[in-house]
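Hi there,

Here is the structure I promised to pass on. Have a look at it first, and then read on for my notes.

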Amino acid sequence: MRLKELRKQRHISQLKLAMDLNMNQNSISRYENREREADYATLIRFADYFNVSIDYLLGRTDNPEINR
């Protein structure tokens with residue numbers, strides 16, 4: 001998952017991301033280090049937050065645009 005890459009590109013700390021999404025910083029760390037897999041609802045929250053497609057977030061495409 002490109003979570004860490006997206007977060008760093010935007011100069012957002014794990015703590016800020018966690019606070020913005022009403023999550024725990026430890027959970028963000030676990031997602032970034034692949035110690036935990038995000039469920040559908042969490043993937044949607046991350047994709048919406050960074051304004052990217054879920055496919056981009058998961059590394060299935062290099063195109064971050066959302067096709068709606």
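Below is what turned up, taken one topic at a time.

One thing to keep in mind from the start: this is a predicted model.

**Aromatic pairs**

The structure holds two aromatic pairs. In one of them, the ring centres of tyrosine 31 and phenylalanine 46 are 5.6 Å apart and the planes meet at 80°, so this pair counts as edge-to-face. Tyrosine 31 belongs to helix H3 and phenylalanine 46 to helix H4 (residues 40–50), so the pair ties together parts that are 15 residues apart in sequence. Both partners are out of the solvent by our cut-off, which is under 20% relative accessible area for buried: tyrosine 31 comes in at 6%, and phenylalanine 46 at 0%.

Tyrosine 49 and phenylalanine 50 make up another edge-to-face pair, with 4.9 Å from centre to centre and 80° between the planes. Here tyrosine 49 is partly exposed, at 27% relative accessible area, whereas phenylalanine 50 is buried, at 3%.

**Glutamate 32**

Helix H3 (residues 25–32) also contains glutamate 32.

**The largest pocket**

The largest pocket holds about 170 Å³ of space. Its lining is made up of Met1, Tyr31, Arg34, Arg36, Glu37, Ala38, Leu43 and Leu58. Sorted by class, that is five nonpolar and three charged residues, with no polar ones. Tyr31, from the aromatic pair with phenylalanine 46, is one of the lining residues.

**Asparagine 63**

Asparagine 63 sits in the segment after helix H5 (54–57) and is partly exposed, at 35% relative accessibility. Its side chain reaches the backbone nitrogen of glutamate 65 at 3.0 Å. Neighbours within four places in sequence aside, asparagine 63 is in contact with Ser53 and Tyr56. Serine 53 is ten residues away from asparagine 63 in sequence, and their C-alpha atoms are 8.2 Å apart.

Best wishes

How values were computed: Residues are numbered from 1 along each chain as its sequence is written. This is a predicted model: local features need pLDDT of at least 70, side-chain atom pairs count only at pLDDT 80 or more; totals for chains, interfaces and linings use all residues. Side-chain values use heavy atoms; hydrogens and water are left out. Helices (H or I, at least four residues) and strands (E, at least two) are DSSP runs, numbered from the N terminus. On a 1 Å grid over the protein atoms alone, a cavity is a set of points where a 1.4 Å probe fits but cannot get out, and a pocket is an open set with protein on both sides within 12 Å along at least five of seven lines; lining residues have an atom within 4 Å of a point. Grid points are joined across faces, edges and corners, and a volume is the space filled by probe spheres set on the points. Ala, Val, Leu, Ile, Met, Phe, Trp, Tyr, Cys and Pro count as nonpolar, Asp, Glu, Lys and Arg as charged, and the others, Gly among them, as polar. Buried means under 20% relative accessible area, exposed over 50%, partly exposed in between (1.4 Å probe, protein chains only). Contact means heavy atoms within 4.5 Å. A polar contact is a pair of N or O atoms within 3.5 Å; within protein, one must be able to donate a hydrogen and the other to accept it, and residues adjacent in sequence count only if both atoms are side-chain atoms. Rings of Phe, Tyr and Trp (its six-membered ring) pair if their centres lie within 6.5 Å; planes under 30 degrees apart count as stacked, over 60 as edge-to-face and the rest as tilted.
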